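Subject: Structure handover

Hello,

Here is the structure for your files. My notes on what turned up follow below it.

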Amino acid sequence: MDNNLEDKKVKFHYDKQFTIRFLDRSIRFLTYSLLALITLYIFSDSQNFLDESLFLILHVMIGLCILLVLFSFTAVLFKLFYMAKYKEKKHLFSLIANIILLFFSLFAAVFFSILIVAAKGNLN
């Protein structure tokens, strides 16, 4: 009976590790995609792309920012719970990075929304 309980604890510990790794990889993908789109937006603005293309890029960046906020918030919660329960500090650096990314993506989503509103106001 005690051996079965230990197996469940080990499986739960492994599942938490798997969830944290999945969230970290997803956050990394979303961050790199967002940085690539920011670079594309900057260079396309200097090359005089069509306004519709720039709006499409901005809308995709806002969507990526929202996803990044959701994934970062979830990762922060999982890592805080994991660190509190198992008393391990190995996720501390990535926790700090996720908190920074959470605030960066919130700021970026608001900034890109303001850009869309300002650009739509100037077109009419």
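First, a definition: helices (H or I, at least four residues) and strands (E, at least two) are DSSP runs, numbered from the N terminus. By that rule, asparagine 98 lies in helix H3. More on that residue below.

Two notes on sources. This is a predicted model, where local features need pLDDT of at least 70, side-chain atom pairs count only at pLDDT 80 or more, and totals for chains, interfaces and linings use all residues. Residues are numbered from 1 along each chain as its sequence is written, and side-chain values use heavy atoms, with hydrogens and water left out.

Overall fold

The chain has three helices and zero strands. In sequence order the pattern is α-α-α. Contact here means heavy atoms within 4.5 Å. Of the contacts between residues at least 6 apart in sequence, 73% join residues at least 24 apart. Buried residues make up 34% of the 124 in the chain. The cut-offs: buried is under 20% relative accessible area, exposed is over 50%, and partly exposed is in between (1.4 Å probe, protein chains only).

Core

A nonpolar core is a set of buried Ala, Val, Leu, Ile, Met, Phe, Trp, Tyr and Cys residues joined through side-chain atoms within 4.5 Å. The largest one has 22 residues. Leu34, Tyr41, Leu58, Met61, Cys65 and Phe112 touch the most other members. Helices H1 (2-46), H2 (51-86) and H3 (92-123) each supply at least two residues of this core. H2 gives the largest share, ten residues. Beyond its neighbours within four places in sequence, leucine 34 is in contact with Met61, Leu64, Cys65, Leu68, Phe104 and Phe112.

Serine 105 sits in helix H3. It counts as buried because its relative accessibility is 0%. Leaving out neighbours within four places in sequence, serine 105 contacts Cys65, Leu68 and Val69.

Asparagine 98 counts as buried because its relative accessibility is 4%. Not counting residues up to four places away in sequence, asparagine 98 touches Asp24, Ile27, Ser72, Ala75, Val76 and Lys79.

Which side chains meet in a salt bridge? Those of aspartate 24 and lysine 79, at 2.6 Å, N to O. The pair links distant parts of the chain: aspartate 24 is in helix H1, lysine 79 in helix H2, 55 residues apart. Both aspartate 24 and lysine 79 are buried. The rule is a side-chain nitrogen of Lys or Arg within 4 Å of a carboxyl oxygen of Asp or Glu. The count by this rule is one.

Aromatics

Rings of Phe, Tyr and Trp (its six-membered ring) pair if their centres lie within 6.5 Å; planes under 30 degrees apart count as stacked, over 60 as edge-to-face and the rest as tilted. The structure holds two aromatic pairs. Phenylalanine 107 and phenylalanine 111 form a stacked one, 6.2 Å centre to centre with 15° between the planes. These two are separated by about one helical turn, because they are four residues apart in helix H3. Phenylalanine 107 counts as exposed, at 59% relative accessibility. Phenylalanine 111 is partly exposed, with a relative accessible area of 41%. Ring pairs link Phe107, Phe111 and Phe112 into a cluster.

Best wishes
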